[in-house]
Amino acid sequence: MKLDGFHGRAGFGTRPALIVVDMSVGFTDPGSPLHCDLEEVVGAIAQLLAASRAARYPVLYTTVAYDDAGKEAATVFIDKVPALLTLEAGSRWVEIDPRLAPLPGEPVVRKLFASAFYKTPLASLLAAQQVDGVIVTGASTSGCVRATAVDALQHGYRVVVPREAVGDRNLAAHEANLYDIDAKYGDVLALEDVLEHLGQFALAER
């Protein structure tokens with residue numbers, strides 16, 4: 001259902017960055033209490049990484065990691081979601097899934113809360129690379145992806161979310177949040193449409 005006055009198209013911007021949200025081992029490994037079923041999402045993000053790199057667009061990652069100071073700062077969040085204590089700074093759980101490993105020069109932004117922007121250097125990193133749009137991928141759709149999409153809009157970025165490149169533990173929450181993002185905050189597009197857009201710029205780079 002689309003309501004009048006909602007679901008406008010914001011587009012990609014002229015220089016979009018790919019943001020890979022929290023695709024750490026703590027979210028992709030079934031042995032973690034934070035695990036989401038992200039096997040297909042990993043494959044979709046791998047395609048977007050290849051396309052973004054070919055187009056020479058910025059790629060940035062986030063990971064949630066708590067040292068003692070971080071645990072204190074995020075006390076209320078951790079009280080609400082005790083499973084977050086799995087994400088101990090320095091542990092394998094906070095490392096990016098090796099199937100999506102960053103290349104040298106691709107920053108991994110540490111965060112303590114849902115949004116990739118909140119109390120992190122992400123906005124400064126994007127500004128330094130003259131980014132005006134973001135392609136938001138990762139997990140979970142109803143948590144960190146949505147929070148990042150909303151904050152990106154509020155920072156003035158055009159937001160695209162490739163449907164196949166985000167995932168959640170709860171399918172109903174996943175679909176509801178994709179609907180809400182598309183209605184108000186960004187363009188939820190099919191993976192093939194995003195890859196086609198990026199491919200045009202990869203050809204231009206050649």
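Reader: Why is strand β4 largely enclosed by the rest of the structure?

Author: Seven of the seven residues of strand β4 (residues 133-139) are buried, so the strand is largely enclosed. Buried means under 20% relative accessible area, exposed means over 50%, and partly exposed is in between (1.4 Å probe, protein chains only). Strands (E, at least two residues) and helices (H or I, at least four) are DSSP runs, numbered from the N terminus.

Reader: What kind of model is this, and how are residues numbered?

Author: This is a predicted model: local features need pLDDT of at least 70, side-chain atom pairs count only at pLDDT 80 or more, and totals for chains, interfaces and linings use all residues. Residues are numbered from 1 along each chain as its sequence is written, and side-chain values use heavy atoms, with hydrogens and water left out.

Reader: Which strands pair with β4?

Author: Strand β1 (residues 16-21) pairs with β4 in the parallel sense, over six bridges. Strand β5 (residues 158-162) also pairs with β4 in the parallel sense, over three bridges. Strand β6 (residues 166-167) runs parallel to β4 and is joined to β4 by two bridges. Two strands pair if DSSP finds at least two bridges between them.

Reader: What is the bridge partner of A17 in β4?

Author: V134. V134 also stands opposite V159 in β5.

Reader: How does the chain cross from β4 to β5?

Author: Through helix α6 (residues 141-154), in a right-handed β-α-β crossover. Right-handed means that, with the strands pointing away from the viewer, the path from the first strand over the helix to the second runs clockwise.

Reader: New topic. How many residues has the largest nonpolar core?

Author: It has 39 residues. Those with the most contacts inside it include M23, I45 and Y66. A nonpolar core is a set of buried Ala, Val, Leu, Ile, Met, Phe, Trp, Tyr and Cys residues joined through side-chain atoms within 4.5 Å.

Reader: Which element gives the most to this core?

Author: Helix α2, with seven residues. β1, α2 (39-54), β2 (59-64), β4 and α8 (191-205) each supply at least two.

Reader: Now charges. How many salt bridges are there in the whole structure?

Author: A search finds 12. A salt bridge is a side-chain nitrogen of Lys or Arg within 4 Å of a carboxyl oxygen of Asp or Glu.

Reader: Which residue meets E106 in a salt bridge?

Author: R53, at 2.8 Å, N to O. The pair links distant parts of the chain: E106 is in the loop between α4 and β3, and R53 is in helix α2, 53 residues apart.

Reader: Is E106 buried or exposed?

Author: Buried, at 15% relative accessibility. R53 is partly exposed, at 27%.

Reader: What does R110 pair with?

Author: D67, at 3.1 Å, N to O. R110 lies in strand β3 and D67 in the loop between β2 and α3 (68-73), so the pair ties together parts that are 43 residues apart in sequence.

Reader: And where do D180 and K184 lie?

Author: Both lie in helix α7 (residues 171-184), four residues apart, about one turn of the helix.
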